[in-house]
Every structure is written in structure tokens, then in C-alpha cells.
Amino acid sequence: MERPARLCGLWVLLLYAGRGGVAAPAESQPPVTNLSVSVENLCTIIWTWNPPEGASPNCSLKYFSHFGNKQDKKIAPETHRSKEVPLNERICLQVGSQCSTNESEKPSILVEKCISPPEGDPESAVTELQCIWHNLRYMKCTWLPGRNTSPDTNYTLYYWHNSLGKILQCENIYREGQHIACSFNLTKVKDSSFEQHSVQVMVKDNAGKIRPSFNIVPLTSHVKPDPPHIKNLSFQNGDLYVQWTNPQNFQSKCLSYEVEVNNSHAETHDIFYVEEAKCQNTEFEGNLEVSEFNLSYLDLNSMGTICFMVPGVLPDTLNTVRIRVKTNKLCYEDDKLWSNWSQAMSIGQKANQTFYITTLLIIPVIVAAAVIVLLLYLKRLKIIIFPPIPDPGKIFKEMFGDQNDDTLHWKKYDIYEKQTKEETDSVVLIESLKRASQ
């Protein structure tokens, strides 16, 4: 009896030990200490912390961190983290420690540190703050005044980027209608990672009465080139060939093009989108694969000269050409900002204006003469178009006459005859008397 009892007890101990080994929780590291936050430049936020106290000596510490709503998760051995963020809202970072880079490992208790937005009335901050990098030469920022601001508020714009040693103030502030604008020089630095950085911008007032507003402008977006320059237009075999130069500071592979062709005879307005190059030489000879919305172009030299062909253009009509460009996603993140249209250039024979001028002069004369003729012969024309309806009463009157009028007429005639006869008799009597007296 004792032997089976001992075996049963041993089995219970082994089972308990096995269950205890499975249930033993994984070792968790202590939380980080002294988590702090600071701001550098205008919009660079830096969080720093110290390693946890009492961490396991066998643990190679890594730090798990993320922003609010678990965005931008990161596991790294560094005891700091930075990010460029506009300081218009509250921003928080949570940090925990763990022993590996595996996201499935449970980190320590997360410690959170936040940075609050600047003080002031949110309704006083400027709105629609945006900046555009014009032709990689200067940046122009525009904004609208806040709702709770005075019309005579004096604004100041500050900017910073990686190539500057300190924060600079924009001096050229001016108004464009309802918007307020400021421009500052920003030239592309060659052979560097300049375009991989951003420009940090802050707008506030001189008196400190409005809430500052921040923006971060990546240099790979919000780029607006200058318009290109058309160099030459020519006709060959019923096709129109165009040559132009790119705006400075841009490579041809980084640009897309739109070509507008207006035909004065047909009054057509065609826009073509340029993508692939098929030109073969500088004389514009060779075959081109062209469709209605996809033209072909070619880099002719390092200066960015481009050629393209528009098919089916008649040389005996006047054709006006304009071109505009924009950056593409091969080199930039943004491809929405078109340049202004280039200066228009025309080619072809302009229609003879003498015929049109003569026609314009003759038509008013003809119209005036027709009006006069119509006025003179309006009554006759009216009679011809609308003949009068006969009056039965007049017809009967003309047929039978008016008896009263006729009677009066005959009475007058009898009186006249009687008077004439009396005068004749008187003359005859006088003559007879004279002869008798002789």
C-alpha cells in the first residue's frame, strides 16, 4: 500500500511542478525613467529618457515608442526620439522598455509625455497657411487672418531649414487681396540631401496677441516651376514641330508638360499631355509615336531643350502654341502644381482680312438701303401682301349713283340754259331796234 501511495504523491508533485512552470509569467522590464520633452528650432520635438532602474543584466534593452493612437511605432536602442510636427495641436509620445526588437513581446509599462499647443485663442491664429517653392529659387507663404484678430494686425513669419544656422525672419510681407504673403530666398543646394529635408514655418504677430500658427513644408512637394520658353515652331509634312527650353533648375525627367494649340481657322482648342520621348535628332527628323493625349519629346542637350510633334496641322492656317509644366512623381512627391502658361508663339498664314473688312463695311450699307426702300414702298408692299377687301356699299353707289346729286345737277343746268337764252333774246331785240331807227 505504501508503494502505490508514494507513486501517487510523486505524480501529483510532478504535475503541480509542470503546471507551475507553464504558468510562470515572462519577465517584464521596469519602465523608463526621467522622460522629458523639448522643442528645437520651430517644429522639432525631442523626447529623451533614461534606462529603467533594476533591469535584468541579461537583457539587451530596446525601447518601444509610439505617438497617440499608436502611430509611428518604433523599436530602437536609443534613449531619445525626435520628430518634425506642427505645434498646432497636443502631441504625446509613449515609451516602454523590452529585451528584443520583436513587437509581439510585451514591453514594460508605457510612460507618456505630451507637449501642449502654444497659448492663445485658437480663433486668433491665422488660417490656410501654405507655402510654395517657386522654381527652386524662393518660397512664398500665404495665409488668411484669424477670425478674432484686428484688421491692423502686424504679422511676422519665421522660417528654418537644415541648411540654416539659426531661425530667420521673413522681411518681405505684403497683401494679395484677402491673403497676406511673404517671400524669402530658398535656393537648392547641389550635391546634397537638401531636398530630403523640410522648411519649418511659424506665423505670429509682433504684439503677441494672437496664437502662433505652424506649418512644415517638405521640399519634395509644393514645387511650382517657371513657365518654359518656346524657341521654334516649324511645319514638316503636314505636322507641327515645336521646340522649347525647360525652366532653370529642373531636369527634363522630373517634369511633365501640357501643350495647347489653337487653330484660328477651325477655332479649335486642343491640349496635349507630353510623356515619352521618341525624337531622334535636333532636326526633328524621324518617326514619332503620337496620340491625342500623349506626345513624344526628347532631351537635345544638357540645357533641357525639348521637341515634340503635333500631327495633322495645316500650314495655311494660323496656329498659336502655349506650354506649361509641372513636376512629376519620378523626382517629387507632388505633381499638382502647374506653372503659368508660357508666352504664346504663332505660325502659319493668317487669313486675308481684306475680305472680312470689306464684308463688314458693305453689310451695314446694304441693310440701310434695304430699310430705306422698305420705308418708301411700305404702303405698296402692304397692299401687295394684304390686299384690301371690297366695300359692297361703294360698289352699289358707283353702279346706281346718288339721285339727289343728279337732280341738283340737272336743275343747275336748266337755270344756266334759261339765262343764256334770255341774254340772247335781249341782244337780238336791241339789234332790231337799232336797224328800225335808221
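Here is a tour that goes from the whole chain to single residues.

**Before you click**

This is a predicted model, so local features need pLDDT of at least 70 and side-chain atom pairs count only at pLDDT 80 or more, while totals for chains, interfaces and linings use all residues. Residues are numbered from 1 along each chain as its sequence is written, and side-chain values use heavy atoms, with hydrogens and water left out.

**Stop 1: the whole chain**

Colour by pLDDT, the predictor's confidence in each residue, from 0 to 100. The protein chain has a mean of 78, and 71% of its residues reach 70 or more. Now select residues 1-26: pLDDT is below 50 there, and beyond near neighbours in sequence the stretch has 0 contacts in the model (a contact means heavy atoms within 4.5 Å). Residues 280-303 also stay under 50, but for them the model has 73 contacts beyond four places in sequence.

Switch to cartoon and you'll find 5 helices and 25 strands. These are DSSP runs numbered from the N terminus: helices are H or I with at least four residues, strands are E with at least two. Of the 438 residues, 33% are buried, where buried means under 20% relative accessible area, exposed means over 50%, and partly exposed is in between (1.4 Å probe, protein chains only).

**Stop 2: strand β6**

Select residues 91-98. Of the 8 residues in β6, 7 are buried, so the strand is largely enclosed by the rest of the structure. Two strands count as paired if DSSP finds at least two bridges between them. β3 (residues 62-67) runs antiparallel to β6, joined by 6 bridges; look for His-66 opposite Gln-94. β7 (residues 111-115) is also antiparallel to β6, with 5 bridges, and there Leu-93 has Lys-113 as its bridge partner.

**Stop 3: an open sheet**

Next, show the five strands in the order β12-β13-β9-β8-β16, an open sheet with mixed pairing. At the edges stand β12 (172-176) and β16 (223-224), each with a single partner strand, so one side of each has no neighbour in the sheet. Zoom in on β8 (residues 127-134), which pairs with β16 in the parallel sense over 2 bridges. Trp-133 stands opposite Val-223 here.

**Stop 4**

Which strand pairs with β24 through 9 bridges? Select residues 255-263: that is β19, and the two run antiparallel. Ser-256 has Lys-326 as its bridge partner. β24 is mostly covered, with 7 of its 9 residues buried. β25 pairs with β24 too, antiparallel over 3 bridges, and Thr-320 has Ser-346 as its partner.

Now pick Ser-342, in the loop between β24 (319-327) and β25 (345-347). Is this serine, Ser-342, buried or exposed? Ser-342 is buried, at a relative accessible area of 6%. Leaving out residues up to four places away in sequence, Ser-342 touches Pro-227, Pro-228, Ile-230, Arg-322 and Ile-323. Draw a C-alpha to C-alpha distance from Ser-342 to Ile-230: 7.5 Å in space, though they are 112 residues apart in sequence.

**Stop 5: helix α2**

Finally, select residues 353-376, helix α2, and find Leu-375 in it. Leu-375 counts as exposed, at 61% relative accessibility.
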